[in-house]
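Open your viewer and keep the selection tool at hand. We will go from stop to stop, and each stop tells you what to select.

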2 protein chains.
Amino acid sequence: MKVCKFGGTSVASSDQIKKVAQIVKTDPSRKIIVVSAPGKRFGSDEKVTDLLIQLAEKALRGEDTEIEFKEVVARYQQIAAGLGLSMEIVSVIENDLHGRLANDVNDANLFMDCLKASGEDNNAKLIAAYFTHIGMDAHYMCPKEAGLLVNERPERVRALPEGDDQLAQLRDKPGIIVFPGFFGYTTDGTLRTFNRGGSDITGSLLAAATEAELYENFTDVDSVFAANPNVVDNPVGIDKMTYREMRELAYAGFSVFHDEALMPAFRRSIPVCIKNTNNPEAPGTLIVNERNYFAQPVIGIAADSGFSTLFVDKYLMNQEIGFGRKLLQILEEEEIPFEHTPSGIDNLSVIIRSKFLNADKEARIVRRAKEELNADHVHMHSNYSMIVLVGEGMRHSTGLAARAASAIARTGASIQMINQGSSEVSLVFGVHKKDETKILKELYAEFFLKSAVLSN
Amino acid sequence: MKVCKFGGTSVASSDQIKKVAQIVKTDPSRKIIVVSAPGKRFGSDEKVTDLLIQLAEKALRGEDTEIEFKEVVARYQQIAAGLGLSMEIVSVIENDLHGRLANDVNDANLFMDCLKASGEDNNAKLIAAYFTHIGMDAHYMCPKEAGLLVNERPERVRALPEGDDQLAQLRDKPGIIVFPGFFGYTTDGTLRTFNRGGSDITGSLLAAATEAELYENFTDVDSVFAANPNVVDNPVGIDKMTYREMRELAYAGFSVFHDEALMPAFRRSIPVCIKNTNNPEAPGTLIVNERNYFAQPVIGIAADSGFSTLFVDKYLMNQEIGFGRKLLQILEEEEIPFEHTPSGIDNLSVIIRSKFLNADKEARIVRRAKEELNADHVHMHSNYSMIVLVGEGMRHSTGLAARAASAIARTGASIQMINQGSSEVSLVFGVHKKDETKILKELYAEFFLKSAVLSN
């Protein structure tokens, strides 16, 4: 049994939804179908979720919402018409939206959540109606009825494991289940949307709870690429990678999955396949627990900018037990997560994502480090990029760091930081942002173009 | 005005002390002469300090001490005879030792300190007597009279800055001052020995307090070598390096200076010169604040074994603010200092000197990390070596990491850890201990033999 999730572009129009139906029909083991809200049909199009947010914001301000309301309904209407459905389903959606707009506006967060979630919820109803219309045994499933429980912390909504037993029963329900992504319910029945990972999380949760043989995540690319196609020309696709590789790539700019989305599938070792709704015959990228890595020590190269570094220097620092801990404590008190902590003998740097900093925080951290740690020098620099080479077994591959560092040297750029030694699957280079693109191109050439030549 | 310190081998015999006198006479600016206790005259010889420790231990156990007492006195007697001094100075030393042995044995630490310090103290008296004997205007100076104040923490004896003003007056005293290294006095007049750095610290302190133009540290090598001469054949000597380079080299196995010893000189930017008593014409190694590093980005390569690594892995770790801090807190509570903390996305390693660990501590740390941090995997491995490339400006030198990593790759060894990015002056490779020697040889060849060829 497979769980399939179709993202926004895969369910943005009637034509796309027809492809979805075809994909589901082709493989009878595709049983649980998680759907997003209709996404963009073309570059300048608006996602239904964005329309819903505008609608909710107007309603919260007490303004007239007729235009936005009609716009949302029109999208579903157009899809229903294209699918040859009667307008009955559009009435259902319209009534549903009226009901949501009648909710109490005094709790703005709950009101917003409830409207946003309607994008997925109504699309699931519509797609279930279409599946039935073309003769498939399909049923819409409400997450509340299914038991998709979430916690009570609106700032960080996460699924509760208590829901798993009930969700597991979806396996035994007859027919195809069409399940809206993006939201669940607290134990007291309040609707909450996931703030991170959206429908991907729903699919991952259901695949884990039902112990699916595969979680298929349908999107609009044939596979995950070994490097950013906006930087590298025609990068190769990745056939198979491990969860760890996916995590490391996602961390530094690979946007296929939000990193939390994979967690439930990872915990139960459910394989995940990323496939293209527009080209379902392509094998896609399979994400698994283990792979044979001898053939290819580097599977992908990610790059991300926007890093700052906090440098602290104090003579004989390394004899002071607790120095590093105190520095991290200051960052913790300022609510700043950190990425890496390269260290010398008398100095320690902390690599931070610049988005967590502002001028006030920077000044306060520098002052506190000087005063509380009695440091000799403290300063903060920005405009760094991290380039991450990812691949299982990388650490055991002799000469890999040498190849990477030599490729960087060929670009004339200097390496500001190297971090290797904890992760078995990544090697991180910190460089100046201005050098990021040329280094990424050169590393790609080193690890993907050369080996292609060698294997021919 | 210069402060000169002569180490144990430089003052081990009458012949050596004659060389010292010659060195002091050659340069009239050599004013403050700090001396160690007589060291080894040949490989299997015993240092006077070790004889004194045996003497003190026997006395503390209430055993007969005559043999050890005589052995110590005999060493001074032999030196005095060799220098043509009357036996008066030997009586002074004998009486001094009798006095120290009559101290209260109930405070074993104080008793031991007082006897150990006699090695330097009596040697200073003897050398001052010899200088006078050959017509030099020289005077023994007692650290108590000079104002060398130390703190009250016997587990970590350090000089107090309160003593500096009085020590500075040594500059204006007439003649040559012969000053015993290794000990000072607390404000209530109790003698305390430095537990780290010995006479080197005394010299460094006096050079700083008197604002000497140079602190000359005489030992038995022509210079500091670029790599361990026990591993690399005939390594080149280092002409000039910075304090930071010295610190980084000292950290990983270079034993010229204990790292604390340089601190006072460093704080006041006093240049330090390491010279050879047996070959005073050799220029030695000068340690300064800044050097022009363009000619030579790598100045030395150090290697040290005995490192362990604690690995902790938890899915989504990097989203948990405070995770790293909590791990370091556990180590702090176990009183374990750490060296480096390489990190991946979902994992963090801590490099620790194995000497701070034992089976109990290891098991407790692993258990606590699992339980308190709810980590997925925690394990501890040992038998790592750290190889440190040291050189100012290294970070700005394009291709240096590539050259180093390529040299390591040529040995067939895999790199377990790379740490670069905080220190401007070092690049650290963690490797398996079994690979340490071959890597050190290959790195030396890369950075010292190749460039020699290039410059010819």
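Select strand β14 (residues 417-420) of chain B together with β14 of chain A. The two strands pair in the antiparallel sense, over three bridges. Strands here are DSSP runs of type E with at least two residues, helices are runs of H or I with at least four, and both are numbered from the N terminus. Two strands pair if DSSP finds at least two bridges between them. Now pick A:N419. Which residue is its bridge partner in β14(B)? The partner is B:N419.

A note before the next stop. This is a predicted model: local features need pLDDT of at least 70, side-chain atom pairs count only at pLDDT 80 or more, and totals for chains, interfaces and linings use all residues. Residues are numbered from 1 along each chain as its sequence is written, chains are lettered from A and ligands numbered from 1 in the order in which they are written, and side-chain values use heavy atoms, with hydrogens and water left out.

Show the whole interface. Here 62 residues of chain A are in contact (heavy atoms within 4.5 Å) with 62 residues of chain B. Of the interface residues of chain A, 100% are also interface residues in chain B, so the copies meet through the same surface. The buried area is about 5,500 Å², and carbon and sulfur atoms give 52% of it. Buried area is the accessible area (1.4 Å probe) that two parts lose on being put together, summed over both.

Select A:R247, A:Y315 and A:I345. These residues of chain A lose the most area to chain B, together 14% of what that side buries.

Now look for charged pairs. A salt bridge is a side-chain nitrogen of Lys or Arg within 4 Å of a carboxyl oxygen of Asp or Glu. Six salt bridges cross the interface of chain A and chain B. Pick B:R267 and A:D376: they form a salt bridge, with the closest N and O atoms 3.4 Å apart.

Last stop: helix α3 (residues 66-82) of chain A. Select A:K70 and A:E66. Their side chains meet in a salt bridge, 2.9 Å from N to O. Both residues lie in α3, four residues apart, about one turn of the helix.
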